[in-house]
Amino acid sequence: METILTGVRTNGELTLGNFLGAIRPMAELAKKYHKTHKINVFVPDLHTIIADVQGDLQANIIRSLKYYLAAGLPIHDNILVYRQSYVPAHSELTWILNCTATMGETSRMIQYKEKSDGGKETANVGIFDYPVLMAADILLYSAKYVPVGEDQFQHLELTRDLALRFNHRAGKEIFLPPSITSEQAEFMGLSSGLRIRDLQNPEKKMDKSSPNANSKIMLSDEPAVASKKIMSATTDNLAKIDYDMFNQPGISNLLQILSLLTDTTLENVTAVWAGEDSYGAFKQNVATVVSDFLTDFQAKYNSIDDKTVLDLLEKGEKRANEIAKRKLLEAQKAVGLR
Ligand code: ATP
Ligand code: MG
């Protein structure tokens, strides 16, 4: 059985970008594949502490798992839910993979450059090393598909490289390299990776840790507040509605959001609005769709209790430890530690 695996850092409230890029695709894939695949939804709590955590980490963890359930993640024996730090093999394999990865590789990671302000000496080592931990997260469970947003694709490529290099040195296939990123996108039903943009600066991606509240829609936003954020999103003065990320990133981002939340293709959404020369009605429509989505989603979220999540974690962590320990032992033997 192939494994599909994903996780979202819980360093704060999550955004619509996290939802559309990672949570909903995983819930959809799990619905479609849970009878034929193993599905791992894990909380990367070790990844979370590489930067300041907003709010209480434990509360953030429970909340993020409720988001998956509210997005439709089924409860089933083939679906494992666990916290990374409750499965020590993640940390142990990271150390072994640290001795496979090179400084050059990890310093080339765009996320590292961005999060360390271009490699500042005061950046913590966790920021530098987290792609290797991510490789361990994936390789321990032989995950073939890892539904993530486009910003994480470079880390998936690194994971593949590390798996192939480790296997080559070991002289046998210890790790299953995850599929190449174009196949990952295809598996998620996308032509390429997804990147929801910052509402105020659509050149950038929407980040949950952005200091500007108006740049991001949070899943906990009051629907009316979210609606205002959409109305004040940066657009342009080209007076046409077209999907053109290069020349009209703000408009294209809103088209993208509209398309995803209404389950309509981008072509169809764009065709509906093509020919409009003012943006008011279009933005109002996106604002209504976003606020209706939040109303509905928040109601689902509120109907899930903590116990449902805690029970899933308890069961999931026991099984995840069994699987991860077995793979760790293979890697330990390959490098002579056992
Ligand atoms: P941070 O600012 O803390 O890095 P983030 O919003 O980038 O937060 P991550 O925890 O880095 O979130 O990523 C969680 C998941 O959400 C990943 O799969 C990532 O690819 C996806 N993701 C994050 N931002 C976006 C976005 N703007 N569009 C699509 N997917 C996204
Ligand atoms: Mg990020």
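Because the model is predicted, local features need pLDDT of at least 70 and side-chain atom pairs count only at pLDDT 80 or more, while totals for chains, interfaces and linings use all residues. Residues are numbered from 1 along each chain as its sequence is written, and chains are lettered from A and ligands numbered from 1 in the order in which they are written.

Start with the overall layout. The protein chain is assigned a domain 1, made of 3-194 + 305-334, and a domain 2, covering 221-301; such bounds come from an automatic or database domain assignment. Between the C-alpha centres of the two domains there are 30 Å. Four residues of domain 1 touch four of domain 2, where contact means C-beta atoms, placed from the backbone, within 7 Å. On the domain 1 side, helix α3 (residues 57-70) gives the largest share, three residues. That side has three nonpolar residues, no polar ones and one charged. Here Ala, Val, Leu, Ile, Met, Phe, Trp, Tyr, Cys and Pro count as nonpolar, Asp, Glu, Lys and Arg as charged, and the others, Gly among them, as polar.

Now for the helix pairs. Helices (H or I, at least four residues) are DSSP runs numbered from the N terminus. Their axes are lines fitted to C-alpha atoms over the stretch in contact, with angles from 0 to 180 degrees between N-to-C directions. Angles under 35 degrees count as roughly parallel, over 145 as roughly antiparallel, 65 to 115 as roughly perpendicular and the rest as oblique. A crossing is left-handed if the near helix is turned anticlockwise from the far one by less than a right angle, and right-handed if clockwise.

Helix α7 (residues 125-139) packs on helix α8 (residues 153-170) at about 70 degrees, with the axes 9 Å apart, so α7 and α8 are roughly perpendicular. Their crossing is right-handed. From α7 come Pro131, Met134, Ala135, Ile138 and Leu139, and from α8 His155, Leu158, Thr159, Leu162 and Ala163. This contact counts eight nonpolar, two polar and no charged residues.

Helix α4 (residues 89-98) and helix α14 (residues 306-334) meet at about 20 degrees, axes 10 Å apart, which means α4 runs roughly parallel to α14. The crossing of α4 with α14 is left-handed. Ala89, His90, Glu92, Leu93 and Ile96 of α4 face Ala324, Lys325, Leu328 and Ala331 of α14. Six of these residues are nonpolar, one is polar and two are charged.

Leu255, Gln256, Leu258 and Ser259 in α11 contact Leu266, Val269 and Thr270 in α12, giving four nonpolar, three polar and no charged residues.

Finally, the ligand. Around ligand 1 there are 20 residues, of which Arg9, Gly17, Gly21, Val148 and Gly149 come nearest; a residue counts as near if its C-beta atom, placed from the backbone, lies within 6 Å. By class, the shell around ligand 1 has six nonpolar, eight polar and six charged residues.

Terms used
Contact = placed C-beta atoms within 7 Å. Helix = DSSP H or I, 4+ residues; strand = E, 2+ residues; numbered from the N terminus.
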